[in-house]
Amino acid sequence: MVFSNVDTKSQIRTTREIPSLKIKDGDGQQNKVILADLKIAVVIFGNIAKTTMTMVFDNKTNRDLEGELTFPMPEGVSVSGYALDINGKLRQAVPVDKNKGTEVFESIETRRIDPGLLEKVEGNNFRTRIYPLPANGKRTVQISYSENLTTTSDQARYYHLPLNYSSPIENFALDIHVFQNTDKPDFTEKPDGSLAFSQHNSNYTASLHKQQFKSQRNLVLQLPTGNKEASGLFQENGDKSFYFLANVTANATKSTQKKWGHSIGIIWDRSLSSKNRDIEKELALLDLFFKENPNMTVDLGLLDIRFVKGHTFQVRQGNWNDLKNYIKGIDYDGGTDYSQIKTGVIQANNYLLFSDGLSTFGQSKINLDNPVYCITSSNGSDYGVLKQISQKHLGKMINLANTSTTEAYHKLNTIDLIYLGIKEKNDFEEVYPQKGTPVQANFSLAGVGKSQGLKQITVLVGDGQQAPQEISIALQPDHGEIDLQQIWAQKKIEALDLQYEDNREEIETLGKQFGIVTRNTSLIVL
């Protein structure tokens with residue numbers, strides 16, 4: 001790796017890995033290609049954050065090299081912009097079918113022309129091949145992505161960006177813009193002590209420009225959520241319709257705690273890829289679980305290409321040492337077949353599935369009658385598979401890779417609010433998340449308005465039992481803060497991806513239309 005990832009863990013959330021460049025057939029030349037320039041632009045509106053990273057790599061050797069740049073992405077996030085320098089100028093990529101993109105890249109590469117290809121690989125990682133990295137020359141790569149910032153139990157959103165690069169960067173620039181925030185953002189981690197926000201009306205900016213810069217820490221922004229925060233933007237289409245993005249703040253009703261009863265089923269993935277999970281963090285979550293549920297019968301099931309019963313354990317007065325030691329002694333090897341998970345192997349009213357979502361055999365579907373809670377701690381997880389399983393089986397997906405164990409247990413143990421739709425349902429269509437989706441008190445939704453005269457939307461939120469909350473949100477014209485069309489498309493793709501095999505053609509069409517990398521589409525620069 002050109003830059004290594006130091007194990008720095010925030011008390012609030014563990015950051016993902018930094019991008020890494022691997023030189024193919026480098027013959028010891030790996031460390032002679034350096035990240036010379038790094039320019040980062042962050043734009044935040046409500047709970048949507050867009051990040052653009054522009055990287056310049058400098059090849060210090062006397063021969064052309066080929067590199068593979070891997071980008072780990074947050075849960076549910078896809079790359080929405082990719083550019084590569086051609087003849088000294090950045091050229092934006094175009095979306096193509098994934099297989100066709102690979103064929104085109106390889107045919108052009110043989111003619112020693114410098115194309116670029118970005119595609120989604122295992123888990124939620126994205127990879128681009130860069131050829132050539134010219135002898136004693138430089139190449140520039142630009143990646144953009146938008147993500148949904150979730151609200152934690154302290155009523156704040158957090159934006160995370162790993163910056164723990166091992167070597168100094170010759171030219172470093174970081175520019176942050178936060179639009180229409182009712183409270184001033186703050187830093188819980190920042191790469192340099194001089195980084196600070198300045199205010200312009202209800203907008204905030206912060207900048208850091210340094211030479212020979214070595215980051216002291218990662219970047220973590222804390223964005224307080226005001227009790228009355230509700231804002232919306234719209235972007236007109238060529239016809240009478242428009243795209244909108246609404247940031248919703250519901251009244252945070254008293255949390256309803258889940259009742260687990262006196263038995264639980266634990267399904268433990270022991271395939272080879274599970275070696276990349278943070279097992280200690282998963283065990284720490286179980287520590288909290290058994291402190292709150294001290295007397296339980298636990299049926300343990302073991303998953304690889306088969307699903308077999310491990311043992312039945314009795315937890316008394318919070319002592320689960322026998323189960324913990326059994327798990328610590330598990331050997332990880334072989335593949336995974338989720339289709340082997342069926343009723344009858346272990347018995348429980350609720351199941352905790354510890355896995356990375358990577359199924360190497362069979363379909364990524366399970367057959368259990370009771371709620372399933374999917375828990376992962378690997379940055380390389382297939383979040384779509386785990387979300388699909390948990391939603392279909394009336395559970396939740398818990399991502400320990402981007403949250404603390406305390407926050408994860410709070411989420412696991414709390415019954416969610418539900419998005420119940422829009423009051424003006426005849427005026428809007430294609431709204432995501434879909435009706436019936438569990439949401440936090442602060443969430444965003446995007447959709448299409450049928451008439452440009454619509455200036456307000458009323459969102460319905462509740463627990464499905466009492467009368468729903470009605471939240472009115474005024475829609476203001478967009479001034480280029482964020483690409484609303486692409487945000488809408490990304491939310492729709494995320495919803496469709498829960499049933500990927502049934503929706504793959506529509507997902508591919510959306511990816512091509514809006515320039516978003518999906519499982520079956522890539523971005524190519526020619």
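Which residue just after H4 takes a positive phi? Leu 394 does, with a phi of about 60°.

## About the model

Let's start with the ground rules. This is a predicted model, in which local features need pLDDT of at least 70, side-chain atom pairs count only at pLDDT 80 or more, and totals for chains, interfaces and linings use all residues. Residues are numbered from 1 along each chain as its sequence is written, and side-chain values use heavy atoms, with hydrogens and water left out.

## Domains

The domain assignment (bounds from an automatic or database assignment) gives domain 1 as 20-149 + 156-224 + 518-525, domain 2 as 231-254 + 417-482 and domain 3 as 263-413. Between the C-alpha centres of domain 2 and domain 3 there are 34 Å.

## Helix H4

Helices and strands here are DSSP runs (H or I of at least four residues for helices, E of at least two for strands), numbered from the N terminus. Helix H4 spans residues 383-392 and is largely enclosed by the rest of the structure, because eight of its 10 residues are buried. Buried means under 20% relative accessible area, with exposed over 50% and partly exposed in between (1.4 Å probe, protein chains only).

Those buried residues of H4 are Tyr 383, Gly 384, Val 385, Leu 386, Lys 387, Gln 388, Ile 389 and Ser 390. Their cover includes strands E23 (351-354), E24 (372-376) and E25 (397-399), along with helix H6 (484-496).

## Nonpolar cores

A nonpolar core is a set of buried Ala, Val, Leu, Ile, Met, Phe, Trp, Tyr and Cys residues joined through side-chain atoms within 4.5 Å. In the largest one, with 53 residues, Tyr 159, Ile 176 and Leu 219 touch the most other members. Strand E2 (residues 33-45) gives this core its largest share, six residues. A second, separate core of 30 residues has Trp 260, Ile 264, Phe 313 and Ile 327 among its members.

Leaving aside residues up to four places away in sequence, Tyr 159 is in contact (heavy atoms within 4.5 Å) with residues including Val 42, Ile 44, Tyr 145 and Leu 219.

## Cavities

A cavity is a set of points on a 1 Å grid over the protein atoms alone where a 1.4 Å probe fits but cannot get out; lining residues have an atom within 4 Å of a point. Grid points are joined across faces, edges and corners, and a volume is the space filled by probe spheres set on the points. Three cavities of 30 Å³ or more turn up in the whole structure.

The largest cavity holds about 60 Å³, and its lining includes Arg 16, Glu 17, Met 53, Phe 71 and Tyr 145.

Definitions and conventions: 1 Å grid on protein atoms, 1.4 Å probe; cavity = no way out; pocket = protein on both sides within 12 Å on 5 of 7 lines; lining within 4 Å.
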